[in-house]
Amino acid sequence: MEELHTTREHTRDLPPLPSAERGVVMRFAPNPSGPLHIGHARAAVLNDAYVRRYGGRYILRIEDTDPKRVDPEAYTTVREDLEWLGLDIHEVVFQSDRLDIYYRAGEDLINRGGAYVCTCESERFRELKLARKACPCRPLSIEDNLERWHGMLEGSYVEGEVSVRVKTDLDDPDPAIRDFPAFRIVASPPHPRVDAAVFPLMNFSVAVDDHLLGVTHVIRGKDHIANTERQKYIFEYFGWPMPVYRHYGRMSIEGVVLSTSQMRAGIREGTYTGWDDIRLGTLRAIARRGIKPEAVKKAMLDIGIGETDISFSWDNLYARNRDLVDRIANRYFFVSDPVRLVVKGAASKVSHPLLHPSNPGRGTRTLHFEQTVDVPRVELTGTSFLRLKDLFNIRIAGPNEAEHAGDSLNEARAQRAPIIQWLPAGEQLPCILHTQEGDLLGVCEPAVAGELENVVQFERVGFARIDRSSDGRIEAYFAHR
RNA sequence: GCUGCUAUAGUGUAGCCCGGCCAAUCAUUCCGGCCUUUCACGCCGGAGACUGGGGUUCAAAUCCCCAUAGCAGCACCA
């Protein structure tokens, strides 16, 4: 009888994917610009879930084709974050390793007449595009284009002077589709991993990679709908079959900062302590609070791939986490904003509260009552008749004074006395409980020091992860009630 | 503005493709009660939704039209 109740299992099945019965190849393709946040987790988890369901391969593709948006540290942090999530990644691909592949495909596309090298000023091109008109470079011969293309690769052009464009329907109602760019020159900053100046744009490298890597199904946000249209041109020029796409709706996440640039600025200015500051929406921030990756996964699976815009609910995530953590978290007393009380008329007593109420086999803590206790200040505002949990009843007699009021639990219940947490004056550790709303200063049981990195439940306060224990001081991060 | 997509309770979601079994599922949330030496967990009960308007039909959450709202894209970012 180790577990008195099992975790509820109400993970619904995701909708089936067409032509997936024989297995799928899917990918998660982040830009390495910073750590992953909850928004990334949705894409990463959903794709992972389908690969597990149908069998196949899950590819992590690092999309680092824009040197301006690559943070070298993110190569590591992204991997760490995914490892924490516990996804089944079978293969890792860096797009910066594949520039030659894109160059060959680019040349191929020019040879097929599907692309041209455009030297028009970007403002001029924009005007033509909006007027549905071809730019002067468009009708150039394949030979001329090839010559320009090689010039591009050999460094005859500078940044902004030239780009490779894919020929599309100039009458497409969406101007963003019309002759969209496939390559451009980025002279600075230098790319942290490769020495190159010609880089493919996302739509080109993604289409080429999806095909070459054998990707069969793509699940991504609906901000990519227009990109799917663009990529379709590339697939058609090459005669490749297109993967199956699903575009889920926008997910708004309240209460935390998600923008990488905002986070970075805040960290630099000292507003945030780091990428795991609990006011941020990064995975490392919620990990620090003791929220389990399984809870994140379940919450994301619950949300699914609907096309409707939704608001992410912290409540739902917390409920998932509580399911996981309630069974494992040991219980301890944390007294915030402590008030010292001398209890008159009470003999010394040893108390043995259970580490876990529904699992007595796990053992007890030991607290020695010796006349003086600390209790939370908020408990002193109501009734003067209280019960110290697992000890006895007291009646408040003065500012720092109480008197023993019997041992009867039944009487405490009958009088609806609050049953509160307490700590012996001489048996406690200073403890800071960091919450998103601010820090709570107090004291906790000495045994909490042995729970480093574990999630515990501070009775009547909520679940928290013990983050540090040094110099006899405890630092904990609040997860949820 | 243009192009497109979507619209089920506070939140997420099932049902919609193939109209009747929907007086609409499940979870969460909130409110009662029970249990309990935590305001946790567990158990019981309750509250709470088909965006609006037309149409088709014997019958519409499901099909059609209009309105409204939200969102996405309209970058030499991903």
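Select R27 and D210: they form a salt bridge, with the closest N and O atoms 2.8 Å apart. R27 sits in strand β1 (residues 24-28) and D210 in helix α6 (residues 202-212), so this pair ties together parts that are 183 residues apart in sequence. Both R27 and D210 are buried. Keep in mind that you're looking at a predicted model. In total, the structure holds 33 salt bridges.

**Stop two: strand to strand**

Now pick R340 and D374, another salt bridge, whose closest N and O atoms are 2.9 Å apart. R340 is in strand β14 (residues 338-344) and D374 in strand β17 (residues 372-376), 34 residues apart. Is each one buried or partly exposed? R340 is partly exposed, at 40% relative accessible area, while D374 is buried, at 3%.

Next, select E459 and K389, which form a salt bridge with their closest N and O atoms 3.0 Å apart. E459 lies in the loop between β25 and β26, and K389 in the loop between β18 and β19, so the pair ties together parts 70 residues apart in sequence.

**Stop four: two helices**

Finally, show α10 (residues 293-303) and α11 (residues 314-325), which pack at about 135 degrees with axes 8 Å apart. They are therefore oblique to each other. Where they meet, look for A295 and V296 among the α10 residues, and L317 and L324 among those of α11.

Conventions:
Residues are numbered from 1 along each chain as its sequence is written. Chains are lettered from A and ligands numbered from 1 in the order in which they are written. This is a predicted model: local features need pLDDT of at least 70, side-chain atom pairs count only at pLDDT 80 or more; totals for chains, interfaces and linings use all residues. Side-chain values use heavy atoms; hydrogens and water are left out. Axes are lines fitted to C-alpha atoms, for helices over the stretch in contact, and angles run from 0 to 180 degrees between N-to-C directions. Helices (H or I, at least four residues) and strands (E, at least two) are DSSP runs, numbered from the N terminus. Angles under 35 degrees count as roughly parallel, over 145 as roughly antiparallel, 65 to 115 as roughly perpendicular and the rest as oblique. Contact means heavy atoms within 4.5 Å. A salt bridge is a side-chain nitrogen of Lys or Arg within 4 Å of a carboxyl oxygen of Asp or Glu. Buried means under 20% relative accessible area, exposed over 50%, partly exposed in between (1.4 Å probe, protein chains only).
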